[in-house]
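I opened this entry to keep track of what I looked up. The notes follow in the order in which I made them.

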Protein chains: 2
Amino acid sequence: MINEQMYAYGAQKSSIREIAAWGAARAAQIGAENVFDFSLGNPSVPAPPQVNEAIVRALALPPTELHGYTPAAGLPACREAVATSLNRRFGTGYGPGDVFMTVGAAASLSCTFKAVVNPGDEVIVIAPYFPEYRVWIETSGATCVEVPADPVTFDLDVDAVAAALTARTKAVVVNSPNNPVGVVYGTETLTRLAVALEEAERTFDTSIYLVSDEPYREIVYGAEVPWVPGVYGRTVVCYSYSKSLSLPGERIGWVLVPDTNPDHDELVDAVAGAARALGFVCAPSLFQRVIVDCVDVPADVAAYAENRALLCEGLKALGYEYVEPQGAFYLWVKALDPDAQAFFERAREFELLPVPSDSFGCGGWVRVGYCVSRDTIERSMAAWEALAKSYR
Amino acid sequence: MINEQMYAYGAQKSSIREIAAWGAARAAQIGAENVFDFSLGNPSVPAPPQVNEAIVRALALPPTELHGYTPAAGLPACREAVATSLNRRFGTGYGPGDVFMTVGAAASLSCTFKAVVNPGDEVIVIAPYFPEYRVWIETSGATCVEVPADPVTFDLDVDAVAAALTARTKAVVVNSPNNPVGVVYGTETLTRLAVALEEAERTFDTSIYLVSDEPYREIVYGAEVPWVPGVYGRTVVCYSYSKSLSLPGERIGWVLVPDTNPDHDELVDAVAGAARALGFVCAPSLFQRVIVDCVDVPADVAAYAENRALLCEGLKALGYEYVEPQGAFYLWVKALDPDAQAFFERAREFELLPVPSDSFGCGGWVRVGYCVSRDTIERSMAAWEALAKSYR
C-alpha cells in the first residue's frame, strides 16, 4: 500500500553504508585500531579553521537575519561570491543568476535530473559510478543507462558513449575527478565527447545535457581539471563543499547553469522548480554565509596526497594492481578474485573493508578510500599482505 | 524539452513570495516604514539565545565529527532527544527509531507524501491550505483533492471530508494550529475524523494515512493542541523548528512514524527511502546538535500574543471581521470585496500587503501575518482605516 520503490530504497540501504556499519560493529568487538575501514568517503581532513571563524562572525548578525529564510536560490551575496570565484578561476562571465545554492551535491543532482528529465528519457552514467546516481535518475522518471569506462585506464570511452546515445538520451553524467576510480577526464577526451553529443543532437533533433558532478574538483594531485562548460555549452555543473571544505554533514553546494546553455533562462527556472517540488526551501542559511567567507579557501590536499603515496607504494610492493589516481581520495584496486564480492569477503576476514566494485556497476575491483588516518593505512599493510598471501 | 512542470513550478513562483518581493521593491521606493508587509511567515521573534550558545558549544567538537555525515535518519542523540521530549509531553513511548530528522517541514512533507503515495492516489487537503502542499502532493504522483473547511468557523468539516473519501484516498493532511486561519482542531473533531477514516478504510479495504503538519504546535494562545497519533493510529507527524525556535533558514525538522502505525517498520523504511530518492542525505549536522541542546527550549509566544491582540483590537474597532486565531501567527480577515484579489489590490494602494485567500484555495478573505514588528502593526492602522473607508 505504501510506495514499494521508496520502501525498497529505504530497506536495501546503500551497500557502502552497510559495510561502514559492519565496520563500526566489528570495531566495538575487537577495537577500532584493529579494523581497517576504507569504505566511506567521509573526509579525514578537518574543515579549515576559516569555517568555524566564519560561523562565529555570522553569530554577530541579528538572529532573524542569520537564521531566517533566504531566497530559494540563495543569498545574493553567496551566489555572487560563487560566480566571482568561478570567473576568476575559469575566465568566465557568470552572474549570481546562474548559481542556485543547494542542500549539497545530492540535492544538486536530484534537482538537475528532475529539471531536465521527462518520463521515458534516458540518462547515461559511466560505469563504475557513484551508485546514488541510479536512485536519483530513476526517481526523476528516467532510465539509467550504464556505459562502461575503458576497462584498462578507466578513462571515458567516448566511442562507447556515442554508441549508447539514442533519441531518448536526455543527459550524460560525468564525474571528474572520478569516484570511485580517481581518473580525471582531459580536455581532449571531453572535446571528443562534446562532438559526439552535438552530432547526436543533430541526428535525433534533440537536446542532450552534460551533467558535470564535481565535488572532487579541488582534490587533485597535479592534474588539471578542465572546465567542462568551456568544452560543451549545454552543461550543468553540480558542486558541493562536502569534500573541498570537509563539510559533508552541513549540506551545502550549488547548481550552476552556465550562460552557454541555449535554454539558460528556462533551465534556471526548471532547477528552481525542481528544488521547490522536491521539498528544498533554501540551502542552510548559516552555511551560505560561511561560503561567502570561505569560497576561496583552498582544500587541504596534502594529507590525502600523503595517504595516496603511502597506500600506492605499500600495495605496489605487495603486488597489487591499481589505477593511479589523479584526483579524489579513492584507490581502485584490482581484486585478486574475478568475483569482487568474494574478494571483499575474504578481505573482511583480515579486517580490511574496501567496497566491492559491484556496488559501482562493474566487476573485478574494490574501492579503497584513503580519506582515513595515516595510521590506518600504515597498520593495514600487514593485513593486505596476509590477504595477498592467502591467494597464492 | 526540459520538464515543463518543473519549469512551471519555477517560473510561476509562490504568490506569497511574489507579494513579499513587491513589498521589498516598494520599500526601496518609499521607505520600509511606509510599507506594511504582512505577507510572509518569517518569524519576527529572534531565535532564543540558547541556539547560538549551542552552536558555540558544538564548535569545540573535532571538525570531522561536527561537520561530518550523520546517519541518514540523524544523530542517535538527536533522535533520542526528540523522542524523549515527545514522550514527556504526550505520555507516549517513542524511541529514536521512530524519528527521522529532516531538512525542515517541506522535506518532512515531501518525504512523507513520496513514501506513502502511489501514482493515481488522492491526497485530501483542507481549504484554505498552505499552497505548497499541492506542489509536493502532485510531485509524489497523487492528485490533490481540496475539501473546504467550515465556511464560518474554518474548523475541520468532518462530514465534508467523509464525503470526499474514495477508494483512491491515500492520505488526509491536517495542519493545526492552522496556516492560514489560526484554528486549532479539538479532540472531539479529530475523533470524529478518525471514525470517518476508519470507516472508509473498512468500506474500501484500504489504508488511509493522516499526515499531521505541526510547525505551529507551540505557537498557541491558551488553546490545547491534541496529540493526533493518540486519536488516530495511522498518523505521520511532520515537524519543523522554523517557527518554534525561529530557525526557518537553517532547515531542521523531523518526521515521526508513531508506533501506533500498523505498518510502522515498512513506513519508517519508506520515509528513509523517499529522503534518499529525493536527494536528502542527512539533516544539517550542526543543527542536529543544536536540537539536542534546545529541544525543550520554549517558543517565545509572548511577542506574537501581543501582536495578535493589537491587530485584532485594531481591526475590530475599524469594523473588520476575522476568525479569532487560537494559534500560529496569522489573522484571517474577511475581504471587503467578494473578490479577494481585488481587495488585495485595493489594499496595496494603501501600502497594505496581506495575502489574498485565492492563494490558499478559498475566496473572500486575506491572510494577515502578524509575525512582524509591533510598530508595523501600530502604524498600519491608519491604512486599514483608509482602506475600510474607501469601501463605504
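I looked up Glu351(B) and found it buried, at 13% relative accessibility. Buried means under 20% relative accessible area, exposed over 50%, and partly exposed in between, with a 1.4 Å probe and protein chains only. Glu351(B) sits in the loop between α13 (340–349) and β11 (352–353) of chain B. I noted a positive phi of about 70° there, although Glu351(B) is not a glycine. Helices (H or I, at least four residues) and strands (E, at least two) are DSSP runs, numbered from the N terminus.

I wrote down the ground rules: this is a predicted model, in which local features need pLDDT of at least 70, side-chain atom pairs count only at pLDDT 80 or more, and totals for chains, interfaces and linings use all residues. Residues are numbered from 1 along each chain as its sequence is written, chains are lettered from A and ligands numbered from 1 in the order in which they are written, and side-chain values use heavy atoms, with hydrogens and water left out.

Next I checked Phe154(A), which also has a positive phi, near 60°, without being a glycine. Phe154(A) belongs to the loop between β4 (143–148) and α8 (158–164) of chain A. Its relative accessibility is 5%, so I count Phe154(A) as buried.

I then listed cis peptide bonds. One runs from Ser176(A) to Pro177(A), with omega near 0°. Pro177(A) is in the loop between β5 (169–174) and α9 (187–204) of chain A. Another runs from Asn179(B) to Pro180(B), with omega near 20°. Pro180(B) is placed in the loop between β5 (169–174) and α9 (187–204) of chain B.

I turned to helix α7 of chain A, residues 132–139, where six of the eight residues are buried. Among them are Tyr133(A), Trp136(A) and Ile137(A). Just after α7(A), Gly141(A) has a positive phi of about 100°.

What does His67(B) touch, apart from neighbours within four places in sequence? Contact means heavy atoms within 4.5 Å. The contacts of His67(B) include Ala47(A), Val51(A), Phe287(A) and Ser285(B). His67(B) lies in the loop between α4 (63–66) and α5 (76–90) of chain B. I found His67(B) buried, with a relative accessible area of 0%.

Tyr239(A) was my next stop, in strand β7 (residues 235–240) of chain A. Tyr239(A) is buried, at 4% relative accessible area. Leaving aside neighbours within four places in sequence, its contacts include Ala105(A), Glu214(A), Arg217(A) and Trp254(A).

I compared the two chains. Chain B can be laid on chain A by a turn of 180° and a shift of 0.0 Å along the axis, with an RMSD of 0.0 Å. This is the relation of a two-fold axis. In chain B, the C-alpha nearest the axis is that of Leu278(B), 3.0 Å from it. Copies are superposed by least squares on the C-alpha atoms of residues with pLDDT of at least 70 in both. I also noted that 100% of the interface residues of chain B are interface residues in chain A too, so the copies meet through the same surface.

Last, I took chain A as a whole. I counted 14 helices and 13 strands in chain A. Of its 392 residues, 62% count as buried. Among contacts in chain A between residues at least 6 apart in sequence, 74% join residues at least 24 apart.
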